[in-house]
Amino acid sequence: MDSTKHWGEWFLNLRVPPSGVFGVAFLARVALVFYGVFQDRALLVRYTDIDYHVFTDAARFVTEGRSPYLRATYRYTPLLSWLLTPNVYLSELFGKFLFISCDLLTAFLQYRLLLLKGLGRRQACGYCVFWLLNPLPMAVSSRGNADSIVASLVLSALYLIEKRAVAWAALFYGLAVHMKMYPVTYVLPIALHLLPGRYGDHRSRHSFQARLWELLKRLCNRALLLFLTVSSLTFFVLTFGFYQKYGWEFLEHTYLYHLTRRDIRHNFSPYFYMLYLTAESKWSFTLGVAAFLPQFILLSAVSFAYYRDLVFCSFLHTSIFVTFNKVCTSQYFLWYLCLLPLVMPLVRMPWKRAVVLLLLWFIGQALWLTPAYILEFQGQNTFLFIWLAGLFFLLINCSILIQIIAHYKEGPLIERSKYD
């Protein structure tokens, strides 16, 4: 195979209709759900995510007319526990089927967005395979993790923005931010994307006051005001409604906990060891807040540089947010992996280099998991080695992002397969 070929071209040689690929992906996820039932009953190590039991217990409290926050470690919106009440009334598997359905909806939205970019049906589906048949999202959703709901909401918002259905996009965006806070970082690139013309196209032959007045006039754009109004109303209506019902504990567990969280347990974050060593220090909170500074600087720079391609900008946003976050677990990787199939057609990278970067990504995780396993299961103090492995993984992720940006080619895609 030519090393300069596009990442998804191999799929064009497989005359498999998109419906067949989606069908296989669905059956694989269903099989994993039922395999999980077997493993939970037969083996000591359970397949089902511990958080899924937390969701179900919280839903049970809701069906009894009580607060979902009576369940310790429930740190989510009450909306999630309401959605999962069929776990109590029907079957405990309901939530897993909801999550794998959202997983497939995410892939379908990827497919539709790629069609909008000009790809043919089979090639668009070829890129979606990197999500549909990816073991990580398949395992995570079938184990009972709810992140697939947020992924589908984010993709819905991006798809509707591309379709210029701004009000509906804002509704889904406000709901996504309510469910999980990380999509709030998209607000700047979305705002710049919705502005008429191109930000920064009018340069400084005019006075500062004239340019400021021109910017203010553009900020009064109908699409931007509509998006900000509808998304804000959606978020605040949900927040106010749940605050009225559950009080301060709703704000504390749904929002404030995640803003002030300082997780000193080992994770992929480059900050975890610092936060672990300073856990009892008076500077602990200050250091935790200061950790947001690199994120803020990088996210702002990326917003102004790439807002024209909103999907690519959102991918960079999410990757940077996860990589430099105070807490980072493997489930967080799904936040940007759901956007990767949309980015791949515009990243003109030789497939050999892409394979090398992918291998480095897995090697970085393996190097981290080795001392983490020794710490958890053998009780040896390997915190320093975990931190060093985390720094190496940070370097790998930054290198991958640099390579993606370096090989990114902005522009429409018109790549129709002869099979379409």
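How many residues does helix α1 have, and how far does this helix reach from its first C-alpha to its last?

## Helix α1

In this predicted model, α1 covers residues 18–42, which makes 25 residues. From first C-alpha to last, the helix reaches 36 Å, close to the 36 Å expected at 1.5 Å a residue.

Let's look at its buried side. Among the buried residues of α1 are Val21, Phe22, Val30, Val33 and Val37, and the list also includes Arg29, Gln39 and Asp40. The buried residues of this helix pack against α5 (94–116), α6 (121–132) and α7 (135–143).

## Confidence

The average pLDDT of the protein is 85, and 85% of the residues score at least 70. Helix α9 (residues 166–179) has the highest confidence, at a mean of 96, while helix α11 (residues 208–219) has the lowest, at 60. Residues 414–420 have a pLDDT below 50, and in the model this stretch has 18 contacts beyond near neighbours in sequence.

## Cavities

Inside, there are three cavities of 30 Å³ or more. Helices α7, α8 (147–162) and α18 (333–337) each supply at least two of the lining residues.

The second largest cavity has a volume of about 50 Å³. Phe268, Cys328, Phe333 and Asn397 are among the residues that line this cavity. α17 (310–323) and α21 (383–406) give two or more residues each to the lining, and α21 gives the most, with four. By class, this lining has seven nonpolar, three polar and no charged residues.

Methods. Residues numbered from 1 in each chain as written. Predicted model: local features only at pLDDT ≥ 70, side-chain atom pairs only at ≥ 80, totals over all residues. Heavy atoms only, no water. Expected span 1.5 Å × (residues − 1). Buried < 20%, exposed > 50% of the residue type's maximum accessible area, 1.4 Å probe, protein only. Contact = heavy atoms within 4.5 Å. pLDDT = per-residue confidence, 0-100. 1 Å grid on protein atoms, 1.4 Å probe; cavity = no way out; pocket = protein on both sides within 12 Å on 5 of 7 lines; lining within 4 Å. Points joined across faces, edges and corners; volume = space filled by probe spheres on them. Nonpolar A, V, L, I, M, F, W, Y, C, P; charged D, E, K, R; others polar.
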